[in-house]
Amino acid sequence: MESRINIEAKSIVLSKGAATLTDAAMEATVSYDDELTGSGQVHIAELAAAGVKLRDIACPVVIESESLKMRSINTRLFDGVLHADIEVGLLQPGMPASVSAHVEGLDLAAFTQEMKPPSVNITGLANGDATVKFDRAGLKDLKVALKATENVSLNRDLLRQALLSEYVGTVTGGKTLKQIVLDVAGESDQRPFDSAELTLGLDRDRITGQAVLRSEELNFTVDLKLDPGALMDALRLRQ
């Protein structure tokens, strides 16, 4: 039997506030023959998740058995372009979900202005890929790989503080490390780099990875270790 469904909602809040959908609508034709199948179109005026707001999302939707799949999502993200596929196991235990995304021209300056990471001001245009898997219990898998090679820079104050805190007190050839760091960091508010890379993954329920900035005179690496629950709580406060 085939049926036509039309769903509209002013606001939808997912489990534990993981995401909020505003002015969401779905039109689809569904049928049931041993399992539920269907296809249609989804439009979401705004989707807020992990502190990020995506607007004017329109894409095809496919219903297969216990899952809803949104394919070929194209929208703007931090002045760049986001291409994504989303799958949600609506009728599966724990409601597992996965997101596969590719970004092009993501503006790191726009990211820092919007997200306001403490003491960080980074610029550049990044491209890359990300996959995220989660359910009601939390994050299950994460892979992120981003690279920027255009207009990359990091604020001088953060760079100086990081280098000094790691090597404080060292003396080389009569010149204190503090002076060496000042020379390497330069005089400009932003220290230019040739490239920047970010990799993230999930290791034993912790997000781990590296941020690496490279230039001819200096390679700067930051090891990252984050608690997913604490990170999501902090990002939800921005929604």
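Student: How many positive and negative side chains does the protein have, and how far apart do the centres of the two sets lie?

Tutor: In this predicted model, there are 25 positive and 35 negative side chains. The centres of those two sets lie 6 Å apart.

Student: Which residues form a negative surface patch?

Tutor: That patch is made by Asp-33, Asp-34, Glu-35 and Glu-66.

Student: What makes these residues a negative patch?

Tutor: Asp and Glu count as negative, and a patch takes residues with over 30% relative accessible area and no salt bridge, like charges being joined within 9 Å. Asp-33, Asp-34, Glu-35 and Glu-66 form such a patch.

Student: Why is Asp-34 called exposed?

Tutor: Its relative accessible area is 71%. Exposed means over 50%, so Asp-34 gets that label.

Student: And where is Asp-34 placed?

Tutor: Asp-34 sits in the loop between β2 (19–32) and β3 (36–49).

Student: OK, now Asn-155. Is it buried or exposed, and how do you know?

Tutor: Asn-155 has 11% relative accessibility. The cut-off for buried is under 20%, so Asn-155 counts as buried. You'll find Asn-155 in strand β9, residues 138–155.

Student: Which residues does Asn-155 touch, leaving aside those up to four places away in sequence?

Tutor: Ser-119, Val-120, Asn-121, Asp-189 and Gln-190.

Student: Let's pick Asn-121 from that list. What makes Asn-121 "partly exposed"?

Tutor: The value for Asn-121 is 33% relative accessibility. Buried needs under 20% and exposed needs over 50%, with partly exposed in between. Asn-121 therefore counts as partly exposed.

Student: Where is Asn-121, and what does Asn-121 touch, again not counting residues up to four places away?

Tutor: Its place is the loop between α1 (108–115) and β8 (122–135). Asn-121 touches Thr-112, Ser-153, Leu-154, Asn-155 and Gln-190.

Student: How far is Asn-121 from Asp-34?

Tutor: In space, 55 Å from C-alpha to C-alpha, and in sequence, 87 residues. For scale, the C-alpha atoms of the protein fill a box of roughly 85 × 35 × 25 Å along the principal axes.

Student: Zooming out, how many helices and strands are there, and what share of the residues is buried?

Tutor: The protein has 4 helices and 15 strands. Buried residues make up 31% of its 239 residues.

Note on methods:
Residues numbered from 1 in each chain as written. Predicted model: local features only at pLDDT ≥ 70, side-chain atom pairs only at ≥ 80, totals over all residues. Heavy atoms only, no water. Helix = DSSP H or I, 4+ residues; strand = E, 2+ residues; numbered from the N terminus. Buried < 20%, exposed > 50% of the residue type's maximum accessible area, 1.4 Å probe, protein only. Charge placed at Lys NZ, Arg CZ, Asp CG, Glu CD. Patch = residues over 30% accessible without salt bridge, like charges linked within 9 Å, V, L, I, M, F, W, Y side chains within 5 Å. Areas by Shrake-Rupley, 256 points an atom, 1.4 Å probe, with all protein chains shown as cover. Salt bridge = Lys/Arg side-chain N within 4 Å of Asp/Glu carboxyl O. Contact = heavy atoms within 4.5 Å.
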